Amino acid sequence: MFRERLRGLRRKAGISQQALSDQCGVAIHAIARYERGERGPSVKNLEVLADFFGVSTDYLLGRAEK
């Protein structure tokens with residue numbers, strides 16, 4: 001669920017993985033792996049991504065609808 005929500009939010013925002021990486025300070029390789037479902041984010045990166053998109057960490061993890 002995390003990978004789909006992250007990819008969906010990024011695409012809805014109209015930004016590339018590189019732009020998300022630059023704006024959030026999360027390595028591009030990490031973002032690519034998150035979106036492929038190869039790994040999950042650290043708590044810190046989860047919080048950074050949730051804050052960037054203005055959603056809850058529970059939403060990103062698929063535990064809430066917003």
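**Exercise 1.** Find the ring that R5 lies over, and give the distance.

*Solution.* Start at R5 and look for Y59: R5 lies over the face of this ring, 4.1 Å from its centre. The test for a charge over a ring is that NZ of Lys or CZ of Arg is within 6 Å of the ring centre and within 35 degrees of the ring normal.

A quick note on the model: it is predicted, so local features need pLDDT of at least 70 and side-chain atom pairs 80 or more, while totals for chains, interfaces and linings use all residues. Residues are numbered from 1 along each chain as its sequence is written, and side-chain values use heavy atoms, leaving out hydrogens and water.

**Exercise 2.** Search the whole structure for aromatic pairs.

*Solution.* Rings of Phe, Tyr and Trp (its six-membered ring) pair if their centres lie within 6.5 Å; planes under 30 degrees apart are stacked, over 60 edge-to-face, the rest tilted.

- Step 1: F2 and Y34 pair edge-to-face, with 5.7 Å between centres and 70° between planes. F2 sits in helix α1 (residues 2-13) and Y34 in helix α3 (residues 28-36), so this pair ties together parts 32 residues apart in sequence. Helices here are DSSP runs (H or I, at least four residues), numbered from the N terminus.
- Step 2: F52 and F53 are also edge-to-face, at 4.9 Å centre to centre and 85° between planes.

**Exercise 3.** Is F53 buried or exposed?

*Solution.* Check the cut-offs: buried is under 20% relative accessible area, exposed over 50%, partly exposed in between (1.4 Å probe, protein chains only). With 16%, F53 is buried, while F52, at 32%, counts as partly exposed.

Key:
Helix = DSSP H or I, 4+ residues; strand = E, 2+ residues; numbered from the N terminus.
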